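Please look over the sequence and the structure first, and then read on through the topics below.

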Amino acid sequence: MAKNKEAFLHIYSSHLNNYDWFLKADDDTYVILENLRNFLRDKDQNEAIYFGRRFKPFVKQGFMSGGAGYVLSRQAVRSLVQYGNSTTSYLNSKCEPTTFIGEDVQLGQCLEMVGVKAGDTRDSEGKERFFPLRPEDHIVRGNIPKNSWYWSHIYYPHLQVIRYNMKKSNIEGKGKRKLYLCNRKDGSVTCFHRGSNPRTQTFLSDVLLRGCSRTAISFHYITPNMMYAMDYFVYNLTR
């Protein structure tokens, strides 16, 4: 946490007025900067707010996952450092932990204390953009164990895809049982036949991505070799 404190103090003293937003990411976090820029395009850097993958324990308004990376507005950095009209208040007791907690949790507590809002980064379909685990963990159903810490940490309801057989009569009249893909969101279930219609197949690929936005911003635990692979898939692969 000490390194982050020094980083924000340096940003405040040397770079605050040169940039609108400030991103913190680990060295094994892959960030698609174009998607981040597009996400921030209509956001106000003069609002005390920060964005990332929102987790719910420990902090009333939630906190942003350190592994997925988070981005603070100019005003958020200013509020963090200037709280109490002292440029050193961030280094003093108001943001010092009483017990060991993670860097992201402590920062979340500090930001809540100084009035910085935790923002929502989901897209219009409710799908997430910042991811604290590997791409395959968030894309492949069942890759995250049921007893993983992840499930107790996520702030927003998880979008699920359920595969099961149901009577055709439930959708398009009487007939034999067929396999449907169903997307459950906000208590309602929408099902689509796994057919050969190209338009249907395109939609099913969206459903299979579950909670992953097509404008994803970050993924965590990316190995050095996977960094190259991600770069190829994002910037060089065409269809």
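Trp-149 has a relative accessible area of 40%, so this residue counts as partly exposed. The model is a predicted one, and its protein chain has 239 residues, of which 43% count as buried.

**Aromatic rings**

- The rings of Trp-149 and Tyr-150 have centres 6.2 Å apart and planes at 75°, which is why their pair counts as edge-to-face.
- Tyr-150 has a relative accessibility of 2% and therefore counts as buried, while Trp-149 is partly exposed.
- Trp-149 and Tyr-150 also belong to a cluster linked by ring pairs, together with Phe-55, Phe-58, Phe-63 and Trp-151.

**Arginines over rings**

- Arg-54 lies over the face of Tyr-155, at 3.9 Å from the ring centre.
- Arg-122 is placed over the face of Tyr-156, at 3.7 Å from the ring centre.

**The surroundings of Asn-35**

- Asn-35 is part of helix α2, which covers residues 33-40, and because its relative accessibility is 18%, below the cut-off of 20%, Asn-35 counts as buried.
- The side chain of Asn-35 reaches the backbone oxygen of Ala-216 at 2.7 Å.
- Leaving aside residues up to four places away in sequence, Asn-35 touches Thr-215, Ala-216 and Ile-217.

**The chain as a whole**

- The secondary structure of the protein chain consists of nine helices and 11 strands.
- Among contacts in the protein chain with a separation of 6 or more, 66% are between residues 24 or more positions apart.
- The accessible surface of the protein chain is about 13900 Å², and 50% of that surface belongs to carbon and sulfur atoms.

**Confidence of the prediction**

- The protein chain has a mean pLDDT of 80, with 70% of its residues reaching 70 or more.
- Over residues 162-178 pLDDT stays under 50, and the model has 34 contacts beyond four places in sequence for this stretch.
- Over residues 196-208 pLDDT likewise stays under 50, and here the model has 15 contacts beyond four places in sequence.

How values were computed
Residues are numbered from 1 along each chain as its sequence is written. Side-chain values use heavy atoms; hydrogens and water are left out. Helices (H or I, at least four residues) and strands (E, at least two) are DSSP runs, numbered from the N terminus. Buried means under 20% relative accessible area, exposed over 50%, partly exposed in between (1.4 Å probe, protein chains only). Contact means heavy atoms within 4.5 Å. Accessible areas come from the Shrake-Rupley method with a 1.4 Å probe; for residues, only the protein chains shown count as cover. A polar contact is a pair of N or O atoms within 3.5 Å; within protein, one must be able to donate a hydrogen and the other to accept it, and residues adjacent in sequence count only if both atoms are side-chain atoms. pLDDT is the predictor's confidence in each residue, from 0 to 100. Rings of Phe, Tyr and Trp (its six-membered ring) pair if their centres lie within 6.5 Å; planes under 30 degrees apart count as stacked, over 60 as edge-to-face and the rest as tilted. A charge sits over a ring if NZ of Lys or CZ of Arg is within 6 Å of the ring centre and within 35 degrees of the ring normal.
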